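Here are some notes to go with your first look at this model. Have it open as you read, and take the points in order.

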Amino acid sequence: YSLLPRSMRGRYFASDQLFSGIAGVGTLLLCALLFYLLPLYKAFLFEYVFALGGSVLALIALSRLQDGPRPATIRTREVVKATPRLVTEPGPFRRFLYISLVFNCAVAAIPPFCAYFLKVGSQLSPAHILLLTTCQYVGVISGSALIRNRIDSTGPKSFFQISTVMYVLVGLYW
């Protein structure tokens with residue numbers, strides 16, 4: 001992020017989400033196919049091998065990336081000293097903490113609830129659950145493609161606010 005010019009960061013973020021989503025869809029479709037074709041434990045074995053291979057490739061890619069500028073050093077003593085003031089006094093950080101608390105309380109149960117509901121309540125197979133997850137990734141890809149160039153002109157704050165409110169509403173609904 002720090003290596004990019006400020007005017008390109010929104011496009012980079014959206015492109016990153018777009019390509020991550022495409023890779024996620026491909027991976028999920030492959031996993032769904034493995035669950036469909038192979039016995040459960042053999043499918044998991046192949047998925048772990050793919051995950052290990054992906055981790056190695058990510059490590060190689062990260063090692064080739066040039067370093068960004070070093071951030072300013074902050075001493076632990078300064079953080080410990082400033083934390084109580086940031087938490088107790090009115091300001092942006094305390095507002096962020098309240099928002100994070102509400103957000104996490106509203107949405108923390110969604111992933112395990114969905115997994116349990118789809119497996120037990122709906123009696124779906126792991127392959128079908130992976131296909132539904134693929135649909136979520138398609139939504140991420142579509143959203144990223146739609147906002148790709150708009151983020152740089154309007155700034156990311158409004159997009160993050162809208163998506164957070166929508167995510168919390170879904171969590172509260174469930």
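1. Helix 1 and helix 6 are roughly antiparallel to each other, a label given to angles over 145 degrees, while angles under 35 count as roughly parallel, 65 to 115 as roughly perpendicular and the rest as oblique. Helix 1 covers residues 9-37 and helix 6 covers residues 126-147; their axes cross at roughly 165° and come within 8 Å. Those axes are lines fitted to C-alpha atoms, for helices over the stretch in contact, and the angles run from 0 to 180 degrees between N-to-C directions. The crossing of this pair, helix 1 and helix 6, is left-handed. Left-handed here says that the near helix is turned anticlockwise from the far one by less than a right angle, and right-handed that it is turned clockwise. Sorted by class, the contact of helix 1 with helix 6 holds 19 nonpolar, 7 polar and no charged residues. For those classes, Ala, Val, Leu, Ile, Met, Phe, Trp, Tyr, Cys and Pro count as nonpolar, Asp, Glu, Lys and Arg as charged, and the others, Gly among them, as polar.

2. A word on where this comes from: it is a predicted model, in which local features need pLDDT of at least 70 and side-chain atom pairs count only at pLDDT 80 or more, while totals for chains, interfaces and linings use all residues. Residues are numbered from 1 along each chain as its sequence is written, and side-chain values use heavy atoms, with hydrogens and water left out.

3. Now the whole fold. The protein has 8 helices and 0 strands, both taken as DSSP runs numbered from the N terminus (H or I, at least four residues, for helices; E, at least two, for strands). With a radius of gyration of 20 Å, well over the 16 Å that the globule rule gives for 174 residues, the protein is more spread out than a compact globule. That radius is taken over C-alpha atoms, and the rule is 2.2 Å times the number of residues to the power 0.38. Along the principal axes, the C-alpha atoms fill a box of roughly 55 × 40 × 35 Å.

4. How much of the protein counts as buried? The figure is 17% of the 174 residues, where buried means under 20% relative accessible area, exposed over 50% and partly exposed in between (1.4 Å probe, protein chains only). As for contacts (heavy atoms within 4.5 Å), among those between residues at least 6 apart in sequence, 69% join residues at least 24 apart.

5. Next, look at helix 3 (residues 76-88) and helix 4, whose axes cross at roughly 70° and come within 7 Å. That makes helix 3 roughly perpendicular to helix 4, and the crossing is right-handed. Leu-86, Val-87 and Thr-88 in helix 3 touch Phe-93, Arg-94 and Leu-97 in helix 4. This contact of helix 3 with helix 4 splits into 4 nonpolar, 1 polar and 1 charged.

6. Helix 4 (residues 92-107) also packs with helix 8 (residues 157-173), at an angle of about 40° and with the axes 8 Å apart. That makes helix 4 oblique to helix 8, in a left-handed crossing.

7. Tyr-167 is partly exposed, at 38% relative accessible area. Which residues does Tyr-167 contact, leaving aside its neighbours within four places in sequence? They are Phe-103 and Val-107. Tyr-167 and Val-107 are 60 residues apart along the chain, with their C-alpha atoms separated by 7.5 Å.
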